[in-house]
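Try each task before you read its solution.

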Amino acid sequence: MSYDVEAVRSHFPALAEGAAHFDGPGGSQVPDVVADAVAGTLRAAVSNRGKVTAAERRAEDIVTGARQAVAELLGGTGQGIVFGRSMTQLTYDFSRTLAKEWGPGDEVVVTRLDHDANIRPWVQAAEAVGATVRWADFDPETGLLGVDTIAGLLSERTKLVAVTAAGNLLGTKPDIRAITRLAHDAGALAYVDGVHLTPHGLVDITELGADFYACSPYKFLGPHLGLVAADPALLETLRPDKLLPSSNAVPERFELGTLPYELLAGTTAAVRFLAGLVPGEGTLRERLTVSMPLVEQYETRLRERLEAGLSGIAGVTLYGAPDRPRTPTVLFSLVGVTPGEVYQQLGADGVNAPAGTFYALECARRLGLGDTGAVRAGIAPYSTESDVDRLVAGVARIAQA
Ligand SMILES: Cc1ncc(COP(=O)(O)O)c(C=O)c1O
């Protein structure tokens with residue numbers, strides 16, 4: 001079965017503006033079906049969730065539909081899907097809830113490969129209760145985070161291991177299965193940041209062993225919100241701060257205030273779109289099991305083309321070992337030109353490849369890139385060979401100037 005990128009692109013109205021988008025890791029473009037689902041919900045009669053009126057039932061169906069769609073995307077359970085404003089917001093919420101059970105002498109492991117949203121909430125929650133933070137370092141030469149490094153930081157006092165399933169700066173995919181197994185052996189929970197992994201392949205949170213798996217639909221062709229997937233039985237054991245009259249059911253007890261129904265409808269549409277990226281039949285999960293590996297293969301081919309092109313340009317540095325497991329995200333810099341200038345000059349030519357640390361601040365500092373970072377080019381399902389060639393030609397021109 002093949003991947004028809006032109007058919008995929010025909011669903012993205014934003015691409016008509018002509019830019020080559022390598023800014024997907026910051027937020028992907030959105031297909032027409034997602035925009036239609038959001039707009040359709042805003043145009044329809046929708047009120048608070050309930051069973052009495054048609055408007056209430058519509059809201060109810062939207063919420064349960066979105067939970068189910070996300071569960072199929074991640075291999076989880078609908079009742080274990082918690083929605084919130086963003087991954088950052090939810091991770092702060094969960095850190096405060098989990099830290100209620102921590103005290104002095106307890107330990108939390110965070111990694112320098114991670115986005116700050118899976119570091120700072122844990123550091124601050126640990127500080128608030130006198131718990132100790134243990135830092136897992138990655139190898140700046142290869143971009144790899146060793147399982148042994150995590151093993152060396154665990155003890156019988158470890159409460160939680162917070163780790164990324166794919167770093168958003170380097171794209172590195174640590175061996176999450178091995179890390180969660182180690183965490184569980186130590187009696188700790190694993191909070192996995194799946195924001196950067198989810199758009200780029202088939203995810204199975206049970207297989208990964210993630211107790212909590214956080215991600216954001218706006219990175220996988222959906223609208224701007226965040227979610228956490230967990231086992232409902234685990235969620236039952238937690239006591240988040242909440243309003244007295246609001247539902248204490250799982251997952252509702254973690255969802256503060258009224259959910260954004262239109263964004264949930266858009267999220268369902270995004271998951272369906274991902275499942276339909278290649279024609280096929282079966283349940284949503286069955287179709288995702290076919291479509292996501294094809295997306296991954298397609299994106300990997302483009303990433304290889306991009307790296308081959310960039311590495312042929314004198315003065316380009318590519319970060320991380322070429323053969324490490326990773327997403328199709330390329331971090332590079334150009335000698336003698338600041339990343340910000342490269343970003344600006346490419347942008348002037350309609351090639352959107354931003355520069356920065358992208359909030360993976362610890363990672364950028366460890367790579368020696370300080371708080372400036374480098375240029376990041378991310379491949380998305382709508383990227384093409386011609387986009388890649390535009391980027392390579394643009395960098396070559398800047399290098400020669
Ligand atoms: C790996 C990773 N984790 C977390 C986040 C934060 O996500 P959100 O914007 O939903 O808070 C991002 C956003 O860029 C990310 O790339």
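**Exercise 1. A leucine in a loop**

Is Leu 243 buried or exposed?

*Solution.* First, some ground rules: this is a predicted model, where local features need pLDDT of at least 70, side-chain atom pairs count only at pLDDT 80 or more, and totals for chains, interfaces and linings use all residues. Residues are numbered from 1 along each chain as its sequence is written, and side-chain values use heavy atoms, with hydrogens and water left out.

Step 1: recall the classes, where buried means under 20% relative accessible area, exposed over 50%, and partly exposed in between (1.4 Å probe, protein chains only).
Step 2: Leu 243 has 60% relative accessibility, so it counts as exposed.
Step 3: locate Leu 243 in the loop between helix 9 (232–236) and helix 10 (261–275). Helices (H or I, at least four residues) and strands (E, at least two) are DSSP runs, numbered from the N terminus.

Val 250 and Pro 251 are joined by a cis peptide bond, with omega about 10°.

**Exercise 2. Around the ligand**

Find the residues that surround the ligand, then the polar contacts made by their side chains.

*Solution.* Step 1: list the neighbours, taking a residue as near if one of its heavy atoms lies within 4 Å of the molecule. Among them are Ser 86, Thr 88, His 115, Asn 168, Asp 193, Tyr 218 and Lys 219.
Step 1: sort the shell, which holds 4 nonpolar, 6 polar and 2 charged residues. Here Ala, Val, Leu, Ile, Met, Phe, Trp, Tyr, Cys and Pro count as nonpolar, Asp, Glu, Lys and Arg as charged, and the others, Gly among them, as polar.
Step 2: look for polar contacts, meaning pairs of N or O atoms within 3.5 Å; within protein, one must be able to donate a hydrogen and the other to accept it, and residues adjacent in sequence count only if both atoms are side-chain atoms. The side chain of Thr 88 places an N or O atom 2.5 Å from a ligand oxygen. For Tyr 218, a side-chain N or O atom is likewise 2.5 Å from an oxygen of the ligand. Asp 193 has a polar side-chain atom 2.6 Å from a ligand nitrogen.
Step 3: the ligand taken alone exposes 400 Å², and the protein buries 90% of that (accessible areas come from the Shrake-Rupley method with a 1.4 Å probe; for residues, only the protein chains shown count as cover).
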